Amino acid sequence: QKEKEKEADGNPNLEHIQTYKKKVEEELHKMCNSILTLLQETLIPNCQSHEPKIFYLKMLGDYYRYLCESYGNAAGTTEFATKAKDAYEQATNVAAESLATTNPIRLGLALNYSVFQYEIMENPDKATEIAKSAFDESIKDLDNVQEDSYKDSTLIMQLLRDNLTLWTTSAGDDDE
């Protein structure tokens, strides 16, 4: 209580900031829920091929992840995390059966799912496993990348590698 009073004394705009923050969060939640409804009720059920379905499932996971990030440890976050994990896993399973390892959508899915595991689930081992697997598999097939997606694929592969470097360096720092 005293810390809050100290904060308030030190910042005359604190009340305005908190009010604005709450308004932005409410708008974010409304927008996320609207997009989630569109994905679940229209886009995913009406997909005729694998690639858009994987993309929409990845989006579904992403938007549940955004809600997790926004709500922090508030009630309901566990439900959002479970739904995000389910969407990412379903997309991963379909992608493994139908997309090349170098497909930018498949790589983007691995990138986002690994970030979800690291940031939301606080599971660096699983995050590293997902990112390393996607990176290693795509490196093997790099010679077979379609010319029109080469730039996108290699950019996402670089992001995967950057995360792996960051996460393995962080893990090493934690051990010391």
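Me: How do α5 and α6 pack, at what angle and how far apart are the axes?
Reply: α5 and helix α6 (residues 124–140) pack at an angle of about 165°, and their axes are 7 Å apart. Axes are lines fitted to C-alpha atoms, for helices over the stretch in contact, and angles run from 0 to 180 degrees between N-to-C directions. Helices here are DSSP runs (H or I, at least four residues; strands are E, at least two), numbered from the N terminus.

Me: What kind of model am I looking at?
Reply: A predicted one: local features need pLDDT of at least 70, side-chain atom pairs count only at pLDDT 80 or more, and totals for chains, interfaces and linings use all residues. Residues are numbered from 1 along each chain as its sequence is written, and side-chain values use heavy atoms, with hydrogens and water left out.

Me: Back to α5 and α6. Parallel or antiparallel?
Reply: Roughly antiparallel to each other. The cut-offs: under 35 degrees is roughly parallel, over 145 roughly antiparallel, 65 to 115 roughly perpendicular, and the rest oblique.

Me: Is that crossing left-handed or right-handed?
Reply: α5 and α6 cross left-handed. That label applies if the near helix is turned anticlockwise from the far one by less than a right angle; clockwise is right-handed.

Me: Which residues meet there?
Reply: From α5, they include Leu-107, Ala-110 and Tyr-113; from α6, Ile-130, Ala-131 and Ala-134 are among them. Contact means heavy atoms within 4.5 Å. By class, the α5 and α6 contact has nine nonpolar, three polar and three charged residues. Nonpolar covers Ala, Val, Leu, Ile, Met, Phe, Trp, Tyr, Cys and Pro; charged covers Asp, Glu, Lys and Arg; the others, Gly among them, are polar.

Me: And what about α4 with α5?
Reply: Their axes come within 10 Å and cross at roughly 150°. That makes α4 roughly antiparallel to α5. α4 passes α5 in a left-handed crossing. Tyr-88 of α4 and Phe-116 of α5 are among the contact residues.

Me: How are the rings of Tyr-88 and Phe-116 arranged?
Reply: A search of the whole structure finds eight aromatic pairs. Tyr-88 and Phe-116 form a tilted one, 5.4 Å centre to centre with 50° between the planes. Rings of Phe, Tyr and Trp (its six-membered ring) pair if their centres lie within 6.5 Å; planes under 30 degrees apart are stacked, over 60 edge-to-face, the rest tilted.

Me: What does that pair tie together?
Reply: Tyr-88 lies in helix α4 (residues 77–98) and Phe-116 in helix α5 (residues 104–119), so the pair ties together parts that are 28 residues apart in sequence.

Me: Are those two buried or exposed?
Reply: Tyr-88 and Phe-116 are buried. Buried means under 20% relative accessible area, exposed over 50%, partly exposed in between (1.4 Å probe, protein chains only). Of the chain's 176 residues, 35% count as buried.

Me: Which residues form an aromatic cluster?
Reply: Tyr-64, Tyr-71 and Phe-80 form one.

Me: New topic. Where does Leu-142 lie?
Reply: In the loop between α6 and α7 (150–175). Leu-142 is partly exposed, at 23% relative accessible area.

Me: What is Leu-142 in contact with?
Reply: Leaving aside neighbours within four places in sequence, Thr-102, Tyr-150, Thr-154 and Met-157. Thr-102 is 40 residues from Leu-142 along the chain, yet their C-alpha atoms are separated by 6.8 Å.

Me: Last one: how many helices and strands in the chain?
Reply: Seven helices and zero strands.
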